[in-house]
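Have a go at each one before you read its solution.

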Amino acid sequence: CKALTYISLGYGTRKMLENNAAVGNLNSIGKLGDVDTVMCSRKQAFPPKNMFVTELYTDGKITDIHEADSESQKKLLKYALVCSDIKKNADEKGDTRGRHKFTGRKPDIAIADACDYMLANISNLDGEFFRIDTEFSSNNTVTRTLVLSEGKTFVILRGTPEAVMSRCVGYRKNGSVYRMNDGAVERMKKAIEDMSVKAETIVAIATGRANTDTLKDYSVEDKLILFGFIGLGSAFRVDPAAAVYKCKRAGIEAVMRSEQAYYPSLALAKEAGIITDESQAVSAEDIKNTDPGLYIANQPLYKLFVGISDEQWQEVLRYRHDDKRYIAVTAEDMDDIPLIQEADVTFVSDTDSPDTIKQKSDVIMLEEGFHIISYALGAAKTIVARIHAVTEYLSVAFATGLVATVAGMILGKNL
């Protein structure tokens, strides 16, 4: 019986590995087979097939990328690339239109492509901006860079509009610098909302003169000036969306968390089949303005959570546990450890996750996408069903053999 069980486990996990799902622990197979809810991040479940720059916000106005050609717009894109780890492939000559080939994160490649489109020369970016110090976030992306350019030392800050704007003392418009005030913040928020119609992600860039040689100096951000915003759109693969449909048919609920803009997140969730109506989506602002009792009562309705904190996402897990749901989550960085500890099953990405997270996970996704999660759950259920079938067959066979033996002994005595 044990031999047949191990054969079933070995064959099943090998098939899972061939489909880019590496099971870290064979004890996880049973847990995977019990999952009826998947709480996933937008990034890991629906990675973009490709990304592209949609619009730029500089000098107080939004410009479509196909109409952008000013020096300030080119500089905005360059600043974003300086605050990244993108690299040019020296062994590739580029495509027929003369575009350079780069390796790096998809948003950075999209920004590099926009530079090429605008004829902004980035072939000597390291020479143009000498990096003195660089700071990385918990998921290993560049957030701040201290550079020396044209004899001046200044810091470049890259991040979400909310995080960057809150640290700026002013903003740049038509070559001049103005003090940041409530009116300017409201205008920028309106611009972000307008850009969100086309952009899934909006990157903010700020710069400031610095009189230091390290980012550890607290004064390095004293003079930050908002330079502009970059809107990034994307197209995602069909496979993950089809996988959501398969999970629904199998009775598995998909719940998504997105850190991107509200309306693009809403459109993607509808396209992927996670939600059918906007009433199934809730944002951090909605939660703040909703009565706590009503929010808790509506938890089973919500399938899309936009802009919520790690603590709020953990609360969603607890609410669903209270409803007797067996939950799988996706995780990617050290901030997700509390979530991993409470979840029943954990999926992590092989490319973006630190080793500590991988060691705590049940399944490592060699390729990102909801279709990997869906396949792993389906395969685990098949393995469990096979083991049960083998066990049941052997139990019946043993019972039949025992009855036959006893009957033979009785009949033999009577004769």
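**Exercise 1.** Work out how the residues of the lining of the largest cavity divide into nonpolar, polar and charged.

*Solution.* Start with the list: Tyr57, Thr58, Asp59, Gly60, Tyr171, Arg172, Met188, Leu226, Phe227 and Gly228 line this cavity. A cavity here is a set of points on a 1 Å grid over the protein atoms alone where a 1.4 Å probe fits but cannot get out, and lining residues have an atom within 4 Å of a point. Next, sort them, with Ala, Val, Leu, Ile, Met, Phe, Trp, Tyr, Cys and Pro as nonpolar, Asp, Glu, Lys and Arg as charged, and the others, Gly among them, as polar. You get five nonpolar, three polar and two charged.

This is a predicted model: local features need pLDDT of at least 70, side-chain atom pairs count only at pLDDT 80 or more, and totals for chains, interfaces and linings use all residues. Numbering runs from 1 along each chain as its sequence is written, and side-chain values use heavy atoms, with hydrogens and water left out.

**Exercise 2.** Find which element gives the most to the lining of the largest cavity.

*Solution.* Strands E3 (48-58), E10 (170-173) and E13 (225-236) each give two or more residues; strands are DSSP runs (E, at least two residues), numbered from the N terminus. E13 gives the most, with three.

**Exercise 3.** Say how strands E14 and E16 pair.

*Solution.* First, E14 (253-258) and E16 (304-306) pair in the parallel sense over three bridges; pairing takes at least two DSSP bridges. Then pick one: serine 258 has valine 306 in E16 as its bridge partner.

Key:
1 Å grid on protein atoms, 1.4 Å probe; cavity = no way out; pocket = protein on both sides within 12 Å on 5 of 7 lines; lining within 4 Å. Helix = DSSP H or I, 4+ residues; strand = E, 2+ residues; numbered from the N terminus.
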